[in-house]
Amino acid sequence: MSSRRRPTGQRSTATVDPATPIEPPRGGLRAPCPCGSGKRYKQCHGKARAGAEFVARPFEGLPRETDWVAFREIVPAATMRTRTVDGDEVTFATVLPVAWPALRRADGSVFVGVQAADASADASRDLAAALDEALAADGPGPVEHVDARRSTARLQDRLDLEVEPELVVHEGFDFWVDGVLDADPGDAEDPSDPLTALAPQVRASLERANEAVVPTEKLTAADSAYWCRIGDNVHLRWIINTPEDEFLDALARLHAQPLEGSEQPASTLGDGTRFAGFFRAYGLVVPVWDLPTGSSAEFAEEPFARLVDRFRGALAETGPLDADARRARAGLLARQVTLR
């Protein structure tokens, strides 16, 4: 008999309460559960996480839902300021230093990282939990872990829905440390501020984050449309809240007809561009267009504005698709991309 086998009749003395949230072990879901039950985490306290109800459209009901999706999915460096129902000012940022879920500064300001790892199957609930942790903190410091199962509140419950927040795109993450790391020791900056106290760690995180930033700019012709350059490739991504069938019908009507003065279909922005495909993100459709190599966001503005007008006109049509549009629709449906 192995010396590691527990004698018959002897049970673990560990307290095992499946309703008590426990952080995942460092070894992953297959590692032993930290509660001491002897089971793997995914077969023990990880079950509750795995069984949580998935919310396909977590930001529905928030002002500027499409920007929340952009914030979460495709914009690398951005901030958005808004207010809670209790009047607390809060700044959401795509990513925070060291990938913290949230942060409370020495001046009391609260930041929440929107692209932090999921803790549950509902992104809105995860972010609300991080916000609650930061607001409840006794003093300045990062929130290093959030377990959304401790609360059922969502952003829709926590934020003042009368406030229309504006998403601001940044070239990098220098907004993390604006006026902090360059301050002389003992200067006006509060040394208890987590960004000051953890300066080397924050600076290293800043350098890594800035190196990974994909150049991105917000276009003005429509909400939540973003130009980006990934290597030599230039793209336009537009997050829309039109139902997928209506989006496909409208785009098919355009794709089946030529663009005036061009050999390209009316579903493009003109010569040198093409409709690359679309993907789905948090319940919304995100069409993607390829733009000419080396082209700028300014290049895309005017032709995109004309495309938006054509798309809205096609969206208003309610009759059945003709044969050409039906063929175009079938081809468009196959163009599902993973570009994010």
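User: Before we dig in, what counts as a cavity here?
Analyst: A cavity is a set of grid points where a 1.4 Å probe fits but cannot get out. Keep in mind that this is a predicted model.

User: Got it. How many cavities of 30 Å³ or more turn up in the whole structure?
Analyst: Searching the whole structure gives two of them. The second largest cavity holds about 30 Å³ of space.

User: Which residues line that second largest cavity?
Analyst: Its lining is made up of L62, P63, W68, T82, L159, D160, V163 and P165. Sorted by class, that is six nonpolar, one polar and one charged residues.

User: Nice. And what about F275 and W289, why is that pair edge-to-face?
Analyst: Their planes sit at 65°, so the pair counts as edge-to-face, and the ring centres are 5.7 Å apart. F275 belongs to strand β10 (residues 274-281) and W289 to strand β11 (residues 284-291), so the pair links parts of the chain 14 residues apart. Both F275 and W289 are buried.

User: Which aromatic cluster do they belong to?
Analyst: F275 and W289 share one cluster with W238, F247, F278, F304 and F311.

Notes:
Residues numbered from 1 in each chain as written. Predicted model: local features only at pLDDT ≥ 70, side-chain atom pairs only at ≥ 80, totals over all residues. Heavy atoms only, no water. Phe/Tyr/Trp six-rings, centres within 6.5 Å; stacked < 30°, edge-to-face > 60°. Helix = DSSP H or I, 4+ residues; strand = E, 2+ residues; numbered from the N terminus. Buried < 20%, exposed > 50% of the residue type's maximum accessible area, 1.4 Å probe, protein only. 1 Å grid on protein atoms, 1.4 Å probe; cavity = no way out; pocket = protein on both sides within 12 Å on 5 of 7 lines; lining within 4 Å. Points joined across faces, edges and corners; volume = space filled by probe spheres on them. Nonpolar A, V, L, I, M, F, W, Y, C, P; charged D, E, K, R; others polar.
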